[in-house]
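Let's take a walk through this model together, one stop at a time. Keep the sequence and the 3D view open side by side.

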Amino acid sequence: MQIIYYGAPGTGKSYSVDELVKTSGVGDDRIFRTTFHPEYTYNDFVGQLLPKVQKTASGATNISYEFTKGIFTRALEKAYEDTSKKVFLIIEEMSRGDCAGIFGDIFQLLDRESSGVNKGYSKYFINNDIIAKDIIAIADDKIKLPPNLNILGTVNTSDQNVFVMDTAFKRRFEWHYISTKPEPVGGPYKNDIDIEVVTDNAGTKKLVKWVNIYGALNKFISDSRFLGLGEDKQLGQFFIEFKVGGTLSDHKNQIKNKLLHYLWSDIHKSCYSTEISLFDSSITSFSELYDAYEVDKKVYSDKFLECIELWLKGKL
């Protein structure tokens, strides 16, 4: 009913939400989707008075103010139209917005009855005559969430520092962890292609599968024997969605333009260790890293290249 899917970037959190919605068989008219961000407010979520400009027959301009419904109010109305049919309110990137401010008094509705004739309804109501006025099933201004209204969210663990969710908010949702482990399809892994890795200063190249590269990366990032930065800095299988039927050159460009900046700014610059580094000691700036990778120079440290070898041998 209220689930947050969380994990590292690229693990497939939004995909998991979509798969759950697909299995329910609801149409698009019963799916409401929004994305939180730092400027997103309670008024955006619930609704607000906005000016409406109309021309009269004489050509004069009339300005009136009308309540424009937010995504929450529209989802609630749709749910009350027929409580036997599921409605999904999907909130992407929840940690990028101030959840306490965005939900406001709606927070009170997130506690649901777990049993009895009112199972699935909110335990407590809030008074809001503006939201209630178009919902026939609500006789007064007492708002409750019906059992068919499901709220699904996603949280990127690497963005937790944007806005912190308090414990009271967290406990009103089930938290489903989306692992960084690769997802197989039939036999081979999804989104798995060959990547050229330069292994020495002579420019020797070795083909390594993407699943093995990001697996070794995650170990190198989180393990205390290496960088020890924890799981929040890891990445998922779909951090890069590689071009179907792409060439080695295509894949190289996607690594260069999508992965290197993350590894430099979020991983390399976050590490305080002077003994272990992800990149070669000759790399002192991002511009040097970008240029070196482009001309097939060795950019990774010997320690990380050793980590890849150990990963390939199943020794990590």
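In which strand is the place of Gln2? Gln2 lies in β1, residues 2-7; helices (H or I, at least four residues) and strands (E, at least two) are DSSP runs, numbered from the N terminus. This is a predicted model, where local features need pLDDT of at least 70 and side-chain atom pairs count only at pLDDT 80 or more, while totals for chains, interfaces and linings use all residues. Residues are numbered from 1 along each chain as its sequence is written, and side-chain values use heavy atoms, with hydrogens and water left out.

Gln2 counts as buried because its relative accessibility is 6% (buried means under 20% relative accessible area, exposed over 50%, partly exposed in between, with a 1.4 Å probe and protein chains only). Its side chain makes a polar contact of 2.8 Å with that of Arg112 (a pair of N or O atoms within 3.5 Å; within protein, one must be able to donate a hydrogen and the other to accept it, and residues adjacent in sequence count only if both atoms are side-chain atoms).

Now turn to the largest nonpolar core, which has 38 residues (buried Ala, Val, Leu, Ile, Met, Phe, Trp, Tyr and Cys residues joined through side-chain atoms within 4.5 Å). Trp210, Tyr300 and Phe304 have the most contacts inside this core. Its largest share, eight residues, comes from α7. A second, separate core of 35 residues includes Phe36, Ile91, Met165 and Phe169.

Finally, look at α9 (residues 286-294), whose buried residues are Leu289, Ala292 and Tyr293. Just after α9, Asp296 takes a positive phi of about 60 degrees.
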